[in-house]
Amino acid sequence: MRAPVRIAAPRNGRLVRVSAVAAAIEPFRFSIPSARKAGEGIRCASSNSRWKQRQGGDYYAREAKVQGLKSRAAFKLLEMDAKYRLFKRGQTVIDLGFAPGSWSQVALERTKPNGRVVGIDIIPAQPPRGVSTIQGNFLSPAVQQLVKDYLVEYAQRAPPAPVAAPTVDGQGVVTERPSYIDAERAESVEPEESVDSDGRLVDVVLSDMSAPWMQTTGFSSNTLSNPYYRMMNTSGMSFRDHAGSMDLCLAALYFASDALKAGGHFVCKFYQGAEDKDLELKLKKMFAKVHREKPDSSRSESRESYFVALRRKGDITLSSL
């Protein structure tokens with residue numbers, strides 16, 4: 001059975017079922033907090049109350065609210081970008097497991113003004129402004145092919161014509177800027193250049209995927225504003241968490257093998273265990289440099305870590321290893 005897919009993109013297109021003009025995010029520079037502080041409070045009984053207490057006393061969670069970020073996870077990517085320089089202007093970034101959208105926010109801010117960010121997640125979530133999103137199961141081959149087709153179509157579009165601001169000539173006559181109809185016509189013109197034959201159009205692949213909880217309630221709810229009820233960090237069983245993260249990392253790496261440009265970067269989250277060495281060996285054969293990273297903003301009690309693979313080797317694919 002084909003996984004249901006919902007797409008939201010900042011421009012109209014043949015593959016896009018739902019499209020809207022996405023406004024650019026405000027010119028705001030996200031920053032990494034300079035200190036880490038721990039909050040204190042009374043001990044709460046229920047797990048939900050304990051989670052709220054921990055979030056309320058968490059320094060990075062508070063800073064995320066202050067800086068307008070979707071979640072504290074943004075600081076993990078900000079730290080890795082500050083250390084390894086993952087992003088450049090105008091890049092195409094794929095964010096796997098984007099919900100609630102904090103990594104997409106950082107990627108969009110780091111690649112503007114002409115960057116393109118596409119987020120994929122099985123959980124319905126409101127995308128950040130300017131980010132194209134696909135709702136579907138990334139492990140489904142149909143969804144992966146849809147992402148590749150969307151990237152090819154987007155690359156074939158003509159760049160939008162610059163919109164001139166109204167001007168006043170010497171006689172005091174105001175010249176209006178082109179109408180939105182003219183802008184739409186300019187975008188619909190087919191470009192002369194074609195897409196590369198290898199089909200690799202992505203500069204950075206980010207994977208912060210975790211397996212969501214099985215949905216047991218709320219099937220009639222279509223809201224996009226609160227995706228947290230199905231998000232999962234860990235199940236409490238270390239082997240299960242580790243094995244699941246390895247499967248998701250391999251799925252992301254297979255996609256990167258097909259779509260990532262030579263010289264591109266790959267970042268994936270995993271839970272430490274016996275199988276991460278094998279994944280690291282595969283990454284070292286495909287990329288020039290591979291680092292294990294545990295950001296300061298990651299909770300010390302968490303077993304999560306990140307592989308940061310830099311500068312993909314163009315002549316090596318995962319299937320050839």
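Contact here means heavy atoms within 4.5 Å. This is a predicted model, in which local features need pLDDT of at least 70 and side-chain atom pairs count only at pLDDT 80 or more, while totals for chains, interfaces and linings use all residues. Residues are numbered from 1 along each chain as its sequence is written, and side-chain values use heavy atoms, with hydrogens and water left out. The protein has 8 helices and 11 strands; helices (H or I, at least four residues) and strands (E, at least two) are DSSP runs, numbered from the N terminus.

**Whole protein**

- Of the 321 residues, 43% count as buried, where buried means under 20% relative accessible area, exposed over 50%, and partly exposed in between (1.4 Å probe, protein chains only).
- Among contacts between residues at least 6 apart in sequence, 68% join residues at least 24 apart.

**Residue E79**

- E79 lies in helix α3 and is buried, because its relative accessible area is 15%.
- Leaving aside residues up to four places away in sequence, E79 touches I32, P295, D296 and S297.

**Helices α3 and α4**

- The axes of α3 (residues 74-84) and α4 (residues 102-111) come within 8 Å and cross at roughly 40°; axes are lines fitted to C-alpha atoms, for helices over the stretch in contact, and angles run from 0 to 180 degrees between N-to-C directions.
- On the α3 side the contact is made by A74, L77, L78, M80 and D81, and on the α4 side by S102, W103, V106 and R110.
- These residues divide into 6 nonpolar, 1 polar and 2 charged, with Ala, Val, Leu, Ile, Met, Phe, Trp, Tyr, Cys and Pro counted as nonpolar, Asp, Glu, Lys and Arg as charged, and the others, Gly among them, as polar.

**Strand β3 and its neighbours**

- In β3 (residues 92-96), 5 of the 5 residues are buried: T92, I94 and L96 on one side, and V93 and D95 on the other.
- β3 pairs with β4 (residues 116-121) in the parallel sense over 5 bridges; two strands pair if DSSP finds at least two bridges between them.
- D95 has G119 of β4 as its bridge partner.
- The chain runs from β3 through α4 to β4 in a right-handed β-α-β crossover, that is, clockwise from the first strand over the helix to the second with the strands pointing away from the viewer.
- β3 is also joined by 4 bridges to β8 (residues 202-207), and these strands run parallel.
- In β8, S207 stands opposite L96.
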